[in-house]
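Please take a moment with the sequence and the structure shown below before reading on. The paragraphs that follow lead from the overall arrangement to particular helices.

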Amino acid sequence: MLASLFIAMTHWDMASPAQWVGLANFQAMIHDPLVYQALYDTAVYAVVSVPLQLGSALLLAVLLNQRIRGQGIYRTLYYLPSVMPTVAASVLWLFIFNQHFGIVDAGLRLLHLPTIYWLSDPRYTKTTFILISLWSIGNAFVIFLAGLQGVPQSLHDAAVVDGATNWGRFRHVTLPLLTPVIFFNLIMGIIASFQVFTTAYVITGGTGDPNNSLLFYVLYLYNETFVRFQMGYASALAWGLFVIILILTLANFALARRWVYYEQPGGRW
Amino acid sequence: MNVGLHAVLIIGAAVNVAPLLWMLSTALQPSGSALTFPPQIIPQSFHWDNFGRALAAAPLGLYLLNTLTIFVGAVLGALVTGSLAAYAFARIRFPGRDALFVLVIATIMLPAVVTLIPQFIEFRTLHWVDTFLPLIVPTWLGGGAFNIFLLRQFFMTIPYELDEAARLDGAGHLQILWRVLLPLSKPALATIVVFSFVLHWNDFLGPLIYISSANKQTLALGLYSFVGEYATHWNLLMAASFLMVLPVLVIFFAAQRYFVRGLQFTGMGGR
């Protein structure tokens with residue numbers, strides 16, 4: 001961590017010795033339009049995909065927490081995409097969303113709908129990426145499932161005696177008791193979404209194109225480090241990301257007081 | 001109610017699994033037919049030889065060996081040093097232990113990218129770039145917060161009386177760990193092995209940064225360069241992708257409960 005801060009204060013291309021430049025890298029960051037582009041791309045992705053992921057994972061967990069036939073099979077099938085190798089999955093998406101012969105485009109053509117340039121029109125690329133991210137919500141799903149199993153049956157029974165509907169039980173019994181788990185998944189989801197890299201790297205070949213619309217922050221950081229060898233500047237970028245994630249996490253912890261329910265005083269999350 | 005629920009779940013599951021089936025279907029298509037319209041959902045003829053052609057197009061055997069070397073080296077480190085650290089946190093009282101443990105857990109939340117550059121420079125100074133060492137050695141330094149956490153939680157569920165009994169028989173810390181705790185912790189150890197396998201099998205950023213020689217590539221890297229060389233041969237690309245997916249599928253179906261257990265342990269952290 002401290003080494004990173006030290007490097008961030010230098011100009012260093014790995015070929016010649018590092019030069020001390022003080023805060024110049026941080027100043028350059030503020031004037032770098034690509035930093036804002038990368039932050040914008042990442043923020044849009046995070047703001048839309050994290051709530052969607054949490055929402056669908058929670059819905060799925062609630063549905064599959066009921067006693068239904070084939071419960072185990074359903075759970076397996078819904079969790080499965082989360083263990084897929086990211087590179088293989090990205091190659092697959094590249095094919096599925098191909099504008100000339102992808103299966104999605106074929107479907108649109110059969111319905112006589114216009115072709116959508118899923119991965120080459122900057123207006124659609126982020127939507128495509130958010131859709132892709134919804135494929136692997138398995139981890140959040142399993143954690144929600146565990147949380148649901150921790151809700152005591154006695155509380156449900158009591159609510160039923162009091163005449164609560166299904167929705168009422170979910171809203172006033174399950175949801176409050178589940179808030180710590182929602183909070184955990186929220187924090188993890190935000191951190192993960194700010195670090196999205198491999199899918200973007202494979203799908204755009206490392207460029208973040210079209211029009212830098214997929215230049216996520218870590219992709220830009222990678223290019224500055226290992227393509228342009230700007231070690232000092234890239235370290236400054238890394239610190240920028242760290243500070244952003246730290247602020248978001250702390251803000252979340254501060255806000256958590258208002259909505260996260262603790263069964264025992266002094267609970268950690 | 002139940003019929004509607006099943007309908008929703010089946011449609012959802014179909015959408016979920018469809019991409020994988022499409023991968024397999026395309027992998028079996030003859031060359032060129034992946035580009036026809038309308039697409040053939042089920043190939044007219046099954047070209048199993050596509051897998052052979054994909055295997056012949058790149059030294060996948062070598063990539064497999066490289067990937068497995070990294071995995072074995074790394075998972076041993078995680079098991080050995082992870083269980084030592086977890087033992088200390090679960091069984092030995094020392095000042096500042098709990099604060100230190102919280103610090104270890106906090107590193108789960110630390111974005112990995114922040115330490116990426118200093119770590120790269122460190123390994124470069126050691127002349128370890130373009131070897132497997134940067135991908136293996138870090139797990140020998142405690143095995144990662146996730147593994148320590150998992151094992152510590154598991155050790156906590158084992159009755160302390162067993163330790164006492166072993167101590168009366170003259171066992172030291174290492175013997176208690178080796179003879180008492182670890183034999184009882186097989187599910188947790190298996191969870192770590194399974195998770196590590198998926199992690200290292202799928203890892204892309206690590207090898208991308210540290211490996212440059214063609215003969216040291218991992219499967220993930222190899223598949224990525226395959227995309228560049230065979231950009232229009234979608235059937236071969238999908239065959240290669242499927243070959244990479246298959247072992248994960250096998251492991252997943254064989255060891256499902258370990259995935260769920262591991263996630264539930266960490267997910268319920270602090271409770």
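In this predicted model, chain A and chain B bury about 6,400 Å² between them, and 79% of that area lies on carbon and sulfur atoms. The contact draws 72 residues from chain A and 67 residues from chain B. How many salt bridges does the rule find across the interface of chain A and chain B? The rule finds zero salt bridges there.

The C-alpha trace of chain B spans about 75 × 60 × 35 Å along its principal axes.

In chain B, helix H4 (residues 97-109) and helix H7 (residues 145-156) have axes that come within 8 Å and cross at roughly 130 degrees. H4(B) and H7(B) are therefore oblique to each other, and H4(B) passes H7(B) in a left-handed crossing. On the side of H4(B), the contact is made by Phe101(B), Val104(B), Ile105(B), Thr107(B) and Ile108(B), while H7(B) contributes Ala145(B), Phe146(B), Ile148(B), Phe149(B) and Arg152(B).

Helix H12 (residues 217-227) of chain A and helix H13 (residues 231-259) of chain A have axes that come within 8 Å and cross at roughly 160 degrees. Because angles over 145 degrees count as roughly antiparallel, H12(A) and H13(A) are described as roughly antiparallel to each other. The crossing in which H12(A) passes H13(A) is left-handed. From H12(A), the residues that make the contact are Tyr217(A), Val218(A), Tyr220(A), Leu221(A), Glu224(A) and Thr225(A), and from H13(A) they are Met231(A), Tyr233(A), Ala234(A), Leu237(A), Ala238(A), Gly240(A) and Leu241(A). The residues of the contact of H12(A) with H13(A) divide into 10 nonpolar, two polar and one charged.

Note on methods: Residues numbered from 1 in each chain as written. Chains lettered and ligands numbered in written order. Predicted model: local features only at pLDDT ≥ 70, side-chain atom pairs only at ≥ 80, totals over all residues. Heavy atoms only, no water. Axes fitted to C-alpha atoms, helices over the stretch in contact; angles between N-to-C directions. Helix = DSSP H or I, 4+ residues; strand = E, 2+ residues; numbered from the N terminus. Parallel < 35°, antiparallel > 145°, perpendicular 65-115°, else oblique. Left-handed = near helix turned anticlockwise from the far one by under 90°. Contact = heavy atoms within 4.5 Å. Buried area = accessible area lost by both parts, 1.4 Å probe. Salt bridge = Lys/Arg side-chain N within 4 Å of Asp/Glu carboxyl O. Nonpolar A, V, L, I, M, F, W, Y, C, P; charged D, E, K, R; others polar.
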